[in-house]
Amino acid sequence: MAKKGCSVLGCKNTNVTEPKVSLFSLPSEDDRRAIWLHLISREELQDKHAHSYVVCEEHFDPASIQGTPGRKRLRRFSVPSLKLPPRRSEDKQTQTEIKENLNKFAQTDFFVLKIEKGAQTANFLTTTLPAVQKVKEELMVCKKQLKLVTSSCLTKNTFHVLCDKFLTKPLAEIVKAQTKLKFHGKGNRYSAKYKQFCINLYYTSPQAYKLLEQALCLPNATTLARHSLPISTEVNEHLMTTLKAKVNNMTNSEKVCSVVVDAINLKTSLFYNINMDKIIGLQEVNGLQSPVLAKKALVVIIRGIFGNWQQPIGFALLGESKNSDDISNWIEQLLEKLIDVGLDIRTPGARGDDSC
Ligand SMILES: [Zn+2]
């Protein structure tokens with residue numbers, strides 16, 4: 001058996017003196033051999049026969065050695081990293097050449113390199129570590145995503161999602177409504193909910209409404225004044241909310257009002273309302289229809305005693321049959337609501353040609 005000694009300068013291990021220490025031949029590929037030789041500072045061996053020179057196992061991370069104790073093998077792409085001599089000063093040319101080789105070599109995905117903390121490793125070598133490469137790639141992906149988010153391609157939907165995330169619910173609704181209105185031009189289509197908000201705002205404070213008109217898309221005051229509140233045979237919650245907003249802004253004397261119940265004779269006729277899916281013209285009290293033709297309409301109106309205002313708040317359609325209980329229940333409910341709203345009701349009474 002020919003005597004072979006470790007090529008690392010200062011290492012005295014040979015197959016004769018330390019038979020238990022495994023020796024590994026230099027890699028036969030030129031690129032890999034160049035890296036080994038650079039790491040062990042023996043670049044002059046590059047053109048020698050690779051199998052004539054060996055590096056002992058003491059210079060490899062134990063994790064890169066596999067096989068049985070009698071027959072150890074190196075994992076692919078392992079490089080010497082332990083107990084290496086201090087680096088000699090090198091001429092620049094060799095360094096660039098090796099750097100090029102290293103870069104070429106690093107392009108293989110499974111380039112495994114473990115370097116001990118104290119080992120003499122050139123700075124450029126660490127930048128090609130797979131972990132560093134991975135972080136760099138992740139950074140690139142993050143930068144791309146950031147660019148995408150901050151660029152102008154923010155869609156209306158994304159904006160709405162952001163509104164929901166960062167604003168309170170009512171404010172988000174208003175802002176979202178603005179984006180829908182902004183592109184309609186003159187014939188703005190206000191949703192019922194938005195109209196309700198505008199009316200409430202207007203009645204709460206006309207000055208505030210005027211101020212906000214400059215910033216928000218709001219129907220103008222004359223449009224609002226024309227907008228009649230929908231009344232029905234049931235107690236209308238929408239109407240009550242609006243009324244509350246208005247009443248909150250009234251003086252005490254303006255709140256004093258009378259409730260007037262007026263009956264009007266109707267010409268009996270029936271028609272089918274497609275939108276409501278309902279036959280109109282039957283007796284109807286507090287939302288309940290009876291199969292009797294309506295002959296009269298009973299309208300409930302509130303009217304300011306000291307202030308000049310009035311507001312219809314509900315109606316009932318009545319036929320021949322006597323259902324005074326239903327009617328008085330319904331009017332009682334209306335009165336309760338009006339008191340809740342904050343009105344000062346003084347004279348509930350009836351007017352008109354008939355008593356009910
Ligand atoms: Zn050695």
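1. In the largest nonpolar core, which has 20 residues, V300, I302, A316 and L334 touch the most other members. A nonpolar core here is a set of buried Ala, Val, Leu, Ile, Met, Phe, Trp, Tyr and Cys residues joined through C-beta atoms within 7 Å; buried denotes 20 or more other C-beta atoms within 10 Å of a residue's own, with C-beta atoms placed from the backbone. At least two residues of this core come from each of α10, β5 (256–265), β10 (296–304), β11 (310–318) and α12 (324–341). The largest contribution, five residues, is that of α12.

2. This is a predicted model, in which local features need pLDDT of at least 70 and side-chain atom pairs count only at pLDDT 80 or more, while totals for chains, interfaces and linings use all residues. Residues are numbered from 1 along each chain as its sequence is written.

3. Beyond its neighbours within four places in sequence, V300 contacts V259, V261, I313, G314, F315, I331 and L334 (contact: C-beta atoms, placed from the backbone, within 7 Å). Another core lies apart from the largest one and has 16 residues, including C6, F24, V79 and L84.

4. Helices α7 (residues 192–204) and α10 (residues 237–248) have axes, fitted to C-alpha atoms over the stretch in contact, that come within 7 Å and cross at roughly 20°. The two helices are therefore roughly parallel, a term covering angles under 35 degrees. Their crossing is right-handed.

5. On the α7 side, Q196, I199, N200, Y203 and T204 meet H238, T241, T242, A245, K246 and N248 of α10. By class, three nonpolar, seven polar and one charged residues form this contact.

Definitions and conventions. Axes fitted to C-alpha atoms, helices over the stretch in contact; angles between N-to-C directions. Helix = DSSP H or I, 4+ residues; strand = E, 2+ residues; numbered from the N terminus. Parallel < 35°, antiparallel > 145°, perpendicular 65-115°, else oblique. Left-handed = near helix turned anticlockwise from the far one by under 90°. Contact = placed C-beta atoms within 7 Å. Nonpolar A, V, L, I, M, F, W, Y, C, P; charged D, E, K, R; others polar. Buried ≥ 20, exposed ≤ 12 C-beta atoms within 10 Å, placed from the backbone.
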